[in-house]
Amino acid sequence: MSRAGIFLIAAALALSGCEERVSLSPPPAAAVEASCAARAVAPWRPLRGVELRASAETSGASCATASASLSIADASGKSLYAERLPAAQVMTLAYAEDARAMQVALASWIDQTRSSFRGTSELPVWRPDDEQPVLGEFPFYPEPAFDRAAYAALRDRDAPMFCFVQGMESMACVALVDGALTKVGVQTFPG
């Protein structure tokens, strides 16, 4: 047998071993329908003349096990903030049963038109006797970088904020300060 013949047989045997591990055919339609691939994009206009883009997406074999990501980018597409969370642990997303429902939930998750905190001046006051700021009976937990003085200065500045549900009973807030997004903290609420 010639060298070329031996090479062709070896190549055929090697390829036959790959056939079982690698499928070049598309996944069955049922697998695509069962996945939780969804995406939503919304503009965020925190200041006059400034438009940022918020986007959210999920991926996973099912919505019950999906991972959700949220990102905020500037006009050039540069990411200013990103976070990834288990969708089942985010109240806004947890009850979506399929990709269509998840797309609606994602759009709601990043919609800032109904946000309860639009600027840092709306954050709860941190009173001298309190361990942390409190809104009604629900605490706001500032990030470690914000002591009382830094928190008060941020409230006085009234920087624009983007807030989103980040758990079953809490929402995270990021503030736009000098062109950068900084996580301010987490506001708890009744679940």
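Predicted model: local features only at pLDDT ≥ 70, side-chain atom pairs only at ≥ 80, totals over all residues.
One part of the model is an open sheet of four strands, arranged in the order S1-S2-S3-S4 and paired in the antiparallel sense. Strand S1 (38-47) and strand S4 (79-86) form the edges of this sheet, each of them pairing on one side only. On average, and with direction ignored, neighbouring strands of the sheet are turned by 15° against each other. Helix H3 (residues 99-110) packs on this sheet and touches S1, S2, strand S3 (67-73) and S4, while the direction of H3 makes about 10° with that of S1. Within the sheet, the antiparallel pairing of S1 with strand S2 (residues 50-59) extends over eight bridges, and the bridge partner of Trp44 is Leu52 in S2.

Strand S7 (residues 161-165) pairs with S8 in the antiparallel sense over five bridges, with Ala172 of S8 as the bridge partner of Phe164, and the two strands are joined by a hairpin through four residues. S8 is also joined to strand S9 (residues 180-188), again in the antiparallel sense, by eight bridges, and here the bridge partner of Val174 is Lys183 in S9. The hairpin formed by S8 and S9 has two residues between the strands, and Asp178, which lies in this turn, has a positive phi of about 55°.

The largest nonpolar core comprises 49 residues, of which Ile72, Leu93, Met102, Trp109 and Phe162 touch the most other members. S8 gives the most to this core, contributing seven residues. In soluble globular proteins, nonpolar side chains tend to be buried together. For Met102, when residues up to four places away in sequence are not counted, the residues touched are Cys36, Ala38, Thr58, Cys63, Ala87, Leu93 and Ala96.

Helix H4 (residues 148-157) has a buried side to which Tyr151, Leu154 and Arg155 can be assigned: these residues are buried, and they lie on the same side of H4 because they cover an arc of only 100° around the axis. The face turned away from this buried side carries Ala149 and Asp156, which are exposed. Among the elements that cover the buried residues of H4 are strand S6 (138-142), S8 and S9. At the start of H4, a side-chain oxygen of Asp147 reaches to within 3.2 Å of the backbone nitrogen of Ala149, and after the helix comes Asp158, whose phi is positive, near 55°.

The side chain of Ser115 reaches the backbone oxygen of Phe117 at 2.9 Å.

Conventions: Residues numbered from 1 in each chain as written. Heavy atoms only, no water. Pairing = 2+ DSSP bridges. Axes fitted to C-alpha atoms, helices over the stretch in contact; angles between N-to-C directions. Contact = heavy atoms within 4.5 Å. Polar contact = N/O pair within 3.5 Å; in protein donor to acceptor, adjacent residues only side chain to side chain. Core = buried A, V, L, I, M, F, W, Y, C linked by side-chain atoms within 4.5 Å. Buried < 20%, exposed > 50% of the residue type's maximum accessible area, 1.4 Å probe, protein only. Arc of directions from axis to C-beta.
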